[in-house]
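Q: Hi! Could you walk me through how the helices sit together in this one?
A: Happy to, let's have a look.

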Amino acid sequence: MKPTVGSNPAARVIGMMGGLTKLARAIDAPVTTVQAWKTRGEIPQRYWGGIFEAAKATSIDLKIEDFVDLPEAEEPAEQGETERDARG
């Protein structure tokens with residue numbers, strides 16, 4: 001089971017990695033840089049590789065999907081609803 005920590009992709013990844021300081025140390029970046037990512041809600045792609053390496057080294061199951069907000073899949077409409085909507 002993977003935790004879903006945070007309200008945006010950056011907060012989620014930072015939380016999964018153990019917080020601002022732990023992630024900053026793991027990738028040798030200033031804490032203020034990691035904090036800025038959390039505030040903006042995204043991590044620049046140029047840092048993803050280093051974060052993946054740090055996650056792998058600490059057995060954290062990080063996936064590319066954790067770095068982005070994917071749209072929620074819409075459930076298909078019932079066939080009857082689709083026909084009714086078409087008739088107006």
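Q: Which way do α2 and α3 cross, left-handed or right-handed?
A: α2 passes α3 in a right-handed crossing, meaning the near helix is turned clockwise from the far one by less than a right angle. This is a predicted model: local features need pLDDT of at least 70, side-chain atom pairs count only at pLDDT 80 or more, and totals for chains, interfaces and linings use all residues. Residues are numbered from 1 along each chain as its sequence is written, and side-chain values use heavy atoms, with hydrogens and water left out.

Q: Which residues make the contact?
A: From α2 they are Leu20, Thr21, Leu23, Ala24 and Ile27, and from α3 Val31, Val34, Gln35, Trp37 and Lys38 (contact means heavy atoms within 4.5 Å).

Q: And how do they divide into nonpolar, polar and charged?
A: There are 7 nonpolar, 2 polar and 1 charged.

Q: New topic: which residues of α4 are buried?
A: In α4 (residues 48-57), Trp48, Ile51, Ala54 and Ala55 are buried, which is under 20% relative accessible area with a 1.4 Å probe, protein chains only. They cover an arc of only 125° around the axis, so they lie on the same side of α4.

Q: What do those buried residues pack against?
A: They pack against α1 (9-16), α2 and α3.

Q: Which residues are exposed on the other side?
A: Glu53, Lys56 and Ala57 of α4 are exposed there (over 50% relative accessible area).

Q: What follows α4?
A: Ser59 does, and its phi is positive, near 60°.

Notes: Helices (H or I, at least four residues) and strands (E, at least two) are DSSP runs, numbered from the N terminus. Ala, Val, Leu, Ile, Met, Phe, Trp, Tyr, Cys and Pro count as nonpolar, Asp, Glu, Lys and Arg as charged, and the others, Gly among them, as polar. The arc is that of the directions from the helix axis to the C-beta atoms.
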